[in-house]
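Dear colleague,

Please open it first, and then read the notes below it.

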Amino acid sequence: MPKAQKEFVLNYSMNRWQLNFKKNVGPTSDSIRMCNPSSFEEWEKYYYLNVRSKEHLDELGRKLYFHIANDLPCENRFHPDLLDSITEKDCIEYIYTVVLKRTYNGFLKERGLL
């Protein structure tokens, strides 16, 4: 069994169950360009008001946790201790990080500001 890190499992699961797809998180790239934020807080506020709610992202995090806790263990793909170390809070924070923070960082790089 290959050694994996927590973020690898989170990323793998998020992609596998398409939780980061446009149908789930909205058009993040288009939305951030429309918003053209001058701060992360401005982007976050815009996203929650115009794209998806915080509650929706929290629910995606709970779905991510469900899949990691219930579907992955029977596949013997990852070490059980690694899967057990991932909490629902980790999953919610990961969704938030990917959808909001990494989109914002990508926007800054695109604009040559990072």
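Predicted model: local features only at pLDDT ≥ 70, side-chain atom pairs only at ≥ 80, totals over all residues.

Residues are numbered from 1 along each chain as its sequence is written, and side-chain values use heavy atoms, with hydrogens and water left out.

I begin with S13, which lies in helix α1, residues 6-16 (helices being DSSP runs of H or I with at least four residues, and strands runs of E with at least two, numbered from the N terminus). S13 counts as buried because its relative accessibility is 0%, where buried means under 20% relative accessible area, exposed means over 50%, and partly exposed is in between, with a 1.4 Å probe and protein chains only. Leaving aside residues up to four places away in sequence, S13 touches L64, I68 and L72, a contact being heavy atoms within 4.5 Å.

Turning to charged pairs, the structure holds ten salt bridges, each defined as a side-chain nitrogen of Lys or Arg within 4 Å of a carboxyl oxygen of Asp or Glu. In one of them, the side chains of R33 and D30 meet at 3.8 Å, N to O; these two residues are separated by about one helical turn, because they are three residues apart in helix α3, residues 28-35. R33 counts as partly exposed at 38% relative accessibility, and D30 is also partly exposed, with a relative accessible area of 43%.

R33 forms a salt bridge with E110 as well, and here the closest N and O atoms are 2.8 Å apart. E110 is partly exposed, its relative accessible area being 43%.

A further salt bridge joins the side chains of E75 and R77 at 3.9 Å, N to O. E75 is partly exposed with a relative accessible area of 33%, and R77 counts as partly exposed at 42% relative accessibility. Finally, salt bridges that share partners join D30, R33, E110 and R111 into one network.
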